[in-house]
Amino acid sequence: MKNPAAVLPGAWQAVVALGDASKKGGVPESTLALVHLRASQVNGCSACVDGGVQSALKAGETSERLATVAAWREAPYFTDAERAALALAEAAARLADREDP
């Protein structure tokens, strides 16, 4: 598959703009990193998962939380706010899994 940024002109700029806007919203950097990591896992993007892990480590995430983010519903390591953010990330990333995306 070709790099989506090359196939869709302006796509990368939109992703960067979304990231910049997210950082201005007051959500902790570690939560944003977890959301990015979970969306990357759902989308099956290995480069994005790797980048998400690196960002999360930079933001101070622990190995326990990183190891269990894929199973965040059952893991005891996440706050209610983080669980809400992870649920939203999954809902947005799983649009193709729905009958009415």
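Helices here are DSSP runs of H or I with at least four residues, strands are E runs of at least two, and both are numbered from the N terminus. With that in hand, welcome to the tour. You are looking at a predicted model, in which local features need pLDDT of at least 70, side-chain atom pairs count only at pLDDT 80 or more, and totals for chains, interfaces and linings use all residues. Residues are numbered from 1 along each chain as its sequence is written, and side-chain values use heavy atoms, with hydrogens and water left out.

**The whole chain**

Start with a cartoon view. The protein chain has 6 helices and 0 strands, so read the order from the N terminus as α-α-α-α-α-α. Of its 101 residues, 23% count as buried (under 20% relative accessible area; exposed is over 50% and partly exposed in between, with a 1.4 Å probe and protein chains only).

**Stop one: R65**

Now select R65, in helix α5 (residues 63-68). Is this arginine buried or exposed? R65 is buried, because its relative accessible area is 11%. Beyond its neighbours within four places in sequence, R65 is in contact (heavy atoms within 4.5 Å) with L34, Y77, F78 and E82.

E61 meets R65 in a salt bridge at 2.5 Å, N to O (a side-chain nitrogen of Lys or Arg within 4 Å of a carboxyl oxygen of Asp or Glu). Both E61 and R65 are buried. E82 also forms a salt bridge with R65, with the closest N and O atoms 2.6 Å apart. This pair links distant parts of the chain, since E82 sits in helix α6 (residues 80-93), 17 residues away from R65 in helix α5. Both E82 and R65 are buried.

**Stop two: E90**

Move on to E90 and R73, a salt bridge whose closest N and O atoms are 2.9 Å apart. E90 lies in helix α6 and R73 in the loop between α5 and α6, so the pair ties together parts 17 residues apart in sequence. E90 counts as buried because its relative accessibility is 4%. Include R38 in the selection too: salt bridges that share partners join R38, R73 and E90 into one network.

**Last stop: a surface patch**

Finish with W12, V15 and V16, which form a nonpolar surface patch with about 290 Å² of accessible area together (patch residues have over 30% relative accessible area and no salt bridge; like charges are joined within 9 Å, and nonpolar side chains, Val, Leu, Ile, Met, Phe, Trp and Tyr, within 5 Å). V16 is in helix α2 (residues 11-23) and is partly exposed, at 36% relative accessible area.

How values were computed. Accessible areas come from the Shrake-Rupley method with a 1.4 Å probe; for residues, only the protein chains shown count as cover.
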